[in-house]
Amino acid sequence: MNYVTVIYLINVLLYAIYFFGKSGSEVSMSGVDYTISVIMSLLLILAGYLNAKKKMTYRSVLWMFFVNVLLFAMSGLFDQFGNDFNLFSTAGGNSFMFTLALIAYNAFAFPLIVVLEGSGFSLVVPLLLSFILPSLGYLIARKMYSQNKN
């Protein structure tokens, strides 16, 4: 079982339940929003750790990153990063759906996406975090278990 995949699916489910169910403005983030985001990010690190502990390959933590790269490329391809790139606009036609999928797929970074909205970094940062967080957990576990063998 790929733990990174399971954690990503739990993140999407939690995103759908909590963040989509919020009443009020999405621009105003509370401490609870940031706490949930940090917990979900820590779960991604734990998932990378568990993949390494079960002796899975490094690719097992990276394939979610590659799905993010595909969604990011499709969003950029359709929107072509115009002058007034707005994350939540429907002006790009099909890019809105890819951007929405990218946001939902990276639910662990939703408060960060809202803070960075409109800058272009709102799509790049979750993409990088989807690589860094599971890889960090994987590398920590590899380091720990390689030291235990010595």
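Ring pairs tie Tyr-8, Tyr-105 and Phe-108 together into a cluster; here rings of Phe, Tyr and Trp (its six-membered ring) pair if their centres lie within 6.5 Å, and planes under 30 degrees apart are called stacked, over 60 edge-to-face and the rest tilted. The model is a predicted one, so local features need pLDDT of at least 70 and side-chain atom pairs count only at pLDDT 80 or more, while totals for chains, interfaces and linings use all residues. Residues are numbered from 1 along each chain as its sequence is written, and side-chain values use heavy atoms, with hydrogens and water left out.

As for confidence, pLDDT is the predictor's own score for each residue, from 0 to 100. Its mean over the protein is 79, with 78% of the residues at 70 or more. Among the elements, H2 has the highest mean pLDDT (90) and H4 the lowest (73). Where pLDDT is low, the predicted coordinates should not be read in detail.

The fold itself is quick to describe: 6 helices and 0 strands, giving the pattern α-α-α-α-α-α along the sequence. Helices (H or I, at least four residues) and strands (E, at least two) are DSSP runs, numbered from the N terminus. Of the 150 residues, 42% count as buried, where buried means under 20% relative accessible area, exposed over 50% and partly exposed in between (1.4 Å probe, protein chains only). The protein exposes about 8,300 Å², and carbon and sulfur atoms supply 70% of that area; accessible areas come from the Shrake-Rupley method with a 1.4 Å probe, and for residues only the protein chains shown count as cover. Among contacts (heavy atoms within 4.5 Å) between residues at least 6 apart in sequence, 74% join residues at least 24 apart.

What sits in the middle of the packing? In soluble globular proteins, nonpolar side chains tend to be buried together. A nonpolar core is taken as a set of buried Ala, Val, Leu, Ile, Met, Phe, Trp, Tyr and Cys residues joined through side-chain atoms within 4.5 Å. The largest such core has 34 residues, and the members touching the most others are Val-4, Tyr-8, Tyr-15, Leu-44, Phe-108 and Phe-110. Two or more residues each come from H1 (3–19), H2 (31–53), H3 (59–79), H4 (95–105), H5 (110–115) and H6 (121–149), with H2 giving the most, 7 residues. Leaving aside residues up to four places away in sequence, Val-4 touches Ala-47, Gly-48, Asn-51, Ser-60, Val-61, Met-64 and Pro-134.

H2 also passes a simple length check. An α-helix has 3.6 residues a turn, so residues three or four places apart point the same way. After H2 comes Lys-55, with a positive phi near 60°.

Back to the aromatics, of which the structure holds 6 pairs. Tyr-58 and Tyr-138 make a tilted pair, 5.3 Å centre to centre with 55° between the planes. Tyr-58 lies in the loop between H2 and H3 and Tyr-138 in helix H6, so this pair ties together parts that are 80 residues apart in sequence. Tyr-138 is buried, at 6% relative accessible area, whereas Tyr-58 is partly exposed at 30%. Phe-65 and Phe-66 form another tilted pair, 5.5 Å between centres and 55° between planes; Phe-65 is buried at 15% relative accessibility.

Some individual residues round out the picture. Asn-106, in the loop between H4 and H5, is buried with a relative accessible area of 0%. Beyond residues up to four places away in sequence, Asn-106 touches Tyr-8, Asn-68, Ile-113, Pro-126 and Ser-130. Tyr-145, in helix H6, is partly exposed at 27% relative accessibility. The C-alpha atoms of Tyr-145 and Ala-52 are 9.0 Å apart, although the two are 93 residues apart in sequence. Arg-59, in helix H3, is exposed at 62% relative accessibility; its C-alpha atom is separated by 9.6 Å from that of Ser-135, 76 residues apart along the chain.
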